[in-house]
Amino acid sequence: MAEDEQSSEGVVPDVHKKIKAAFEAFDYEFNNTVDVREISTIIYSLGCFPTQNDLHDFLAEVEEDHTRYIHLNRFLPAMTKVLLENRFPPIPEDHLLQAFEVLDKDKKGYLEPEELTKYMTKEGEPFTQEEMDEMLTALVDHEKNRVYYKDLINQLTVDPDM
């Protein structure tokens with residue numbers, strides 16, 4: 001057994017536990033299966049930020065014969081490998097903050113949901129409206145109808161020791 005394998009051996013059960021918890025949050029029928037559209041959210045929740053091409057390749061690897069469903073038995077080993085290899089690393093916190101500050105031209109400390117949607121669906125690797133609706137449900141301060149990006153950055157960045 002290689003030294004790398006020995007050092008990661010104790011880590012794998014914790015990684016599996018973390019992946020299963022994220023997966024099970026979207027397993028609405030409790031059958032170890034999730035809709036393929038949930039995978040990007042699950043991957044993001046695990047602190048991984050793949051490009052759209054990386055995500056497409058990953059889905060091709062884990063999807064059950066074009067059924068639009070992903071089974072835990074295929075997702076768990078593939079996602080474990082991604083996490084152990086740090087294949088889709090998070091964006092550094094200071095880069096995220098700079099990006100939001102560029103969008104927040106008036107330096108308010110927040111963006112309107114409509115503003116964020118415009119940027120996220122029209123620039124770079126665009127999100128779909130469905131992805132935006134799902135994201136905004138979790139991110140918008142519903143009392144004030146704002147997205148406070150410093151809070152968002154805390155959610156998007158992950159402690160590498162976790």
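Guide: Let's start with one residue in this predicted model. Glu85 has a relative accessible area of 46%, so Glu85 is partly exposed, since the label "exposed" needs over 50%.

Visitor: Okay, and which residue does the side chain of Glu85 meet in a salt bridge?

Guide: The general idea goes like this: side chains of opposite charge can pair when their charged atoms come close. In this structure, Glu85 pairs with Arg87, at 3.5 Å from N to O. Arg87 is partly exposed too, at 33% relative accessibility.

Visitor: How many salt bridges does a search of the whole structure find?

Guide: Four. One of them joins Glu130 and Arg37, with an N to O distance of 3.9 Å. That one passes the test because the cut-off is 4 Å.

Visitor: Which parts of the chain does the pair of Glu130 and Arg37 tie together?

Guide: Look at where each partner sits. Glu130 belongs to helix α8 (residues 129-139), while Arg37 is in the loop between β1 (33-35) and α3 (39-45), so the bridge links parts that are 93 residues apart in sequence. As for solvent, Glu130 comes out as partly exposed, at 47% relative accessibility.

Visitor: What about Glu115 and Lys108: how far is it from N to O there?

Guide: The distance is 3.7 Å in that salt bridge.

Visitor: Let's move on to helix packing. At what angle do α4 and α5 pack?

Guide: About 140 degrees, with the axes 9 Å apart; α4 covers residues 52-62 and α5 covers residues 72-85. That makes the two helices oblique to each other, because roughly antiparallel would need an angle over 145 degrees.

Visitor: Is the crossing left-handed or right-handed?

Guide: Right-handed, for α4 and α5.

Visitor: And which residues make the contact?

Guide: From α4 you have Phe58, Glu61 and Val62. On the α5 side, the contact uses Arg74, Phe75, Ala78, Met79 and Val82.

Visitor: How does that contact split by class?

Guide: Between α4 and α5 there are six nonpolar residues, two charged ones and no polar ones.

Conventions. Residues numbered from 1 in each chain as written. Predicted model: local features only at pLDDT ≥ 70, side-chain atom pairs only at ≥ 80, totals over all residues. Heavy atoms only, no water. Helix = DSSP H or I, 4+ residues; strand = E, 2+ residues; numbered from the N terminus. Buried < 20%, exposed > 50% of the residue type's maximum accessible area, 1.4 Å probe, protein only. Axes fitted to C-alpha atoms, helices over the stretch in contact; angles between N-to-C directions. Parallel < 35°, antiparallel > 145°, perpendicular 65-115°, else oblique. Left-handed = near helix turned anticlockwise from the far one by under 90°. Contact = heavy atoms within 4.5 Å. Nonpolar A, V, L, I, M, F, W, Y, C, P; charged D, E, K, R; others polar.
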